[in-house]
Amino acid sequence: MRFLCLATDYDGTLAHDGVADKETWEAVRRFRESGRKVVLVSGRDLDELGEIASPLDRFDGVVAENGGVLYWPASGDRRLLAPPPPPELIDALHDRGVDHFGVSSTLVATVKPYETIALQAIRDLGLELKLAFNKNAVMIMSPAVTKATGLHAALAELRLSPHNVVGIGDAENDHDFLDVCECAVAVANALPMLKKRSDFVTAGDHGRGVTELVDEVLADDLRSREPALQRRHILLGKRSGRRSAKDEAVRLPPYGARAMVAGPSGGGKSTVTTGLLERLATNGYQFCVFDPEGDYDEFDDAIVLGGAEHAPSHDEVLQLLAQPDQNVVVNLLRVSLADRPLFCAGLLPRLQRMRVETGRPHWLVFDEAHHLFPARWESAETSLPQQLETALLVTVHPKEVSPAVLRHLNLLLAVGAAPDETIAEFARSLNRPLPRDIPPALAKGEAVVWRPELDDRPPLTVWLPTNRTERRRHSRKYAEGLLIPERSFYFRGPEGRLNLRAYNLILFLHLAAGVDDETWLHHLRRHEYSQWFGEVIGDDELAGEARRAEADAELSADESREHIRAAVARRYTLPENPSLPKIAPPVSR
């Protein structure tokens, strides 16, 4: 489920003239019985709410006094989220003839037109307070407190993200808390500006509008409203070849996108994936990355579990993801290639249960997806959840990924020099017809977007936005990490008598210094160093340096070694006394 919580205003929304009817309360009950939560977000004093909306245990939580008080009906716990009103202000209002005002735990409430007197009193006293309006009502309160801050406090204790909340309101003081919610709804009787800024407006007014919204959520989790939720969509790129700025942005819905990024090494998969993760983090969507090769160890917006020295545990992953604002990278370097599908299959059902209960993590990202869901994995059909919901898979070859996973996907991003070949491979794997008008080539920084379910539409070519920080080439991983056997470099020699495995750059340089000249020159003349640097390390500049050494027949073995050693040292921070990681158990073949 996407929407697990309803945040609703009381006056003018649930209630009409302070009273909510039987049908509205029934809708609230049905919403909670579906396993979802309901949080009341009101400007009223908590004691008043206890009288007019009794019993308050109709709600899971109550935010009262415009964000100043948080109350939990089940336990009776009450917490102030703002300081009490200054006594000097209360005295000043009395002295200036304000007859209609009330004092609660965290605010002073009055009515129009006394806002001008209240504002003048605040200025004269030198207080740092603000006025908040709810139609004719005026609230005087701490400037840092709003309905949004109160809702955030409630969601933090419920371990829910605002991205799993639908909010509904009617007045000025509802703007901020509706902006926080993934979906913002205005009832038909709402103020015009609130209607304008909401994602959609109910046909019914007051409680009838709330009931209407509840029915829609219970019917399809608001999937039919997705076109109205464009403000939440994540930028993927901009359409290439269009001079007009109108509609040129290509975006992904934050829920329900099941995408694959595919293409050759060095083709731009990391650029697409890292950029998308950056934008998910910026917008507060929680993600969990399965990282077989340690590519995301230096990603700033997540905590990394596991590495070359130890494997992560399922419990560690779930414990961190229980915090709604914490993203996680699951480094699987220490998990053998043969065991990676089993590790993933064991964790996915627990993540799926977490998604049912909390709606999170919002995105699952599977780098090197062919390691986790190999095409020949016989247990794929029974080990995978029936629905991935929202996910991103990254691979070189779609055909190497299990068809049981490919059938879930609804979007392909092809990168690299030959997107037509990648799309054709993806289509063949699913026995689908090829789309028309596939671009045969791409410029640097471009990708092709194909939605297989829309067979009649040609793919789009998009420019990828610049990432917040240029992707670092994982210097620590390649210098000190542990590449899997298939991506390691092997010094074998001209007759294949050796089998010296370099699983990172440190070990490569160490072995290079020790092998005999014949072995070194054998691989040099076959251009295998530049090939490894380019295709595996993904460093085109380093590969270019190696190609220059490989092409210079006058260089001796020692001179070419030094040329390549210096090129590596210029690009990677190599520790003076490296401790090489233990080699993972060999992969059974």
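Are F290 and F366 buried or exposed? Both residues are buried. The close-up views below are taken from a predicted model.

**View 1. Aromatic contacts around F366.** F290 and F366 are stacked, because their ring centres are 4.9 Å apart and their planes meet at 25°; planes under 30 degrees apart count as stacked. F290 belongs to strand 16 (residues 287-291) and F366 to strand 19 (residues 363-366), so this pair ties together parts that are 76 residues apart in sequence. F366 also pairs with F373: here the ring centres are 5.0 Å apart and the planes stand at 70°, so the arrangement is edge-to-face. F373 is buried, as is F366.

**View 2. A cluster of aromatic rings.** Ring pairs join F489, F491, F508, W520, Y529, W532 and F533 into a cluster. The count of aromatic pairs in the model comes to 18.

View 3. The strands follow the order 6-7-9-8, and their pairing is antiparallel. Strand 6 (101-103) and strand 8 (130-134) stand at the edges; each has a single partner strand, so one side of each is left without a neighbour in the sheet. From one strand to the next, the twist averages 20°. Five bridges connect strand 8 with strand 9 (residues 137-141) in the antiparallel sense. A132 has M139 of strand 9 as its bridge partner.

**View 4. Helices on the sheet.** Helix 3 (residues 87-95) packs on the sheet and touches strand 6, strand 7 (107-111) and strand 9. The direction of helix 3 makes about 160° with that of strand 6. Helix 4 (residues 115-125) lies across strand 7, strand 8 and strand 9. Relative to strand 8, helix 4 runs at about 165°.

View 5. Helix 9 spans residues 269-282 and includes A281. A281 has 22% relative accessibility, and therefore counts as partly exposed; the cut-off for buried is under 20%. Apart from neighbours within four places in sequence, A281 is in contact with F287, D301 and N327. Of these, D301 is 20 residues from A281 along the chain, and the C-alpha atoms of the two are separated by 6.5 Å.

**View 6. Arginines over aromatic rings.** R58 lies over the face of W25, at 3.9 Å from the ring centre. R36 is placed over the face of F31, at 5.7 Å from the ring centre.

Terms used
Residues numbered from 1 in each chain as written. Predicted model: local features only at pLDDT ≥ 70, side-chain atom pairs only at ≥ 80, totals over all residues. Heavy atoms only, no water. Helix = DSSP H or I, 4+ residues; strand = E, 2+ residues; numbered from the N terminus. Buried < 20%, exposed > 50% of the residue type's maximum accessible area, 1.4 Å probe, protein only. Contact = heavy atoms within 4.5 Å. Pairing = 2+ DSSP bridges. Axes fitted to C-alpha atoms, helices over the stretch in contact; angles between N-to-C directions. Phe/Tyr/Trp six-rings, centres within 6.5 Å; stacked < 30°, edge-to-face > 60°. Lys NZ or Arg CZ within 6 Å of the ring centre and 35° of its normal.
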